[in-house]
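The following note sets out points on strand pairing, a hairpin residue and a pocket. It is meant to be read beside the sequence and the coordinates.

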Amino acid sequence: MAKYGGPVYIQHNPRAGDGFAAFIAFVKDFTTTFPQLHVDIKRVIGECNLVVTHSHITTSPSDLGSAVADIFRLDRQGKIVEHWDVIQAVPATSANDNTMF
């Protein structure tokens, strides 16, 4: 864990606790609950001390999934010290022909 997470880790997802160990526990619990979980990272954006990933996350092959933007703040050593996420369900139909990705 020390390889990626800083000594302080601030979590803004209300379902996960503060601290990098709590984040790892949250991810492990989520992957246990959804063993067919698939994360398809579509793009990564980095600027200064922020990294944003835009992903399509599905919990099973039949799941339409969610569009997820994860925002990570890194410290001067490149360790993750803060996290936000924004999640939007992929709808069955759309008012346009564009995908969410």
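1. Strands β3 (50–58) and β4 (66–74) run antiparallel and are joined by eight bridges. Within this pairing, Val51 has Phe72 of β4 as its bridge partner. Strands here are DSSP runs of E of at least two residues, helices are runs of H or I of at least four residues, and both are numbered from the N terminus; two strands are taken to pair if DSSP finds at least two bridges between them.

2. The model is predicted, so local features need pLDDT of at least 70 and side-chain atom pairs count only at pLDDT 80 or more, whereas totals for chains, interfaces and linings use all residues. Residues are numbered from 1 along each chain as its sequence is written, and side-chain values use heavy atoms, with hydrogens and water left out.

3. Strand β2 (38–47) pairs with β3 in the antiparallel sense, over nine bridges. Asp40 has His56 in β3 as its bridge partner. The hairpin of β2 and β3 has two residues between the strands.

4. Cys48 is placed in the loop between β2 and β3. Its phi is positive, about 55°, although the residue is not a glycine. Most residues other than glycine have a negative phi. Cys48 counts as exposed because its relative accessibility is 82%; buried means under 20% relative accessible area, exposed over 50% and partly exposed in between, with a 1.4 Å probe and protein chains only.

5. The largest pocket has a volume of about 620 Å³. Of the 29 residues that line this pocket, Phe26, Val27, Phe30, Ile57 and Asp70 are the closest to its centre. A pocket is an open set of points, on a 1 Å grid over the protein atoms alone, where a 1.4 Å probe fits, with protein on both sides within 12 Å along at least five of seven lines; lining residues have an atom within 4 Å of a point. The volume is the space filled by probe spheres set on the points, which are joined across faces, edges and corners.

6. Helix α1 gives the largest share of that lining, seven residues. At least two lining residues come from each of α1, β2, β3, β4 and β5 (80–89). By class, the lining holds 16 nonpolar, nine polar and four charged residues; Ala, Val, Leu, Ile, Met, Phe, Trp, Tyr, Cys and Pro count as nonpolar, Asp, Glu, Lys and Arg as charged, and the others, Gly among them, as polar.

7. Val27 belongs to helix α1 (residues 20–33). Val27 counts as partly exposed because its relative accessibility is 35%. Its C-alpha atom is separated by 9.0 Å from that of Ala16, 11 residues apart along the chain.
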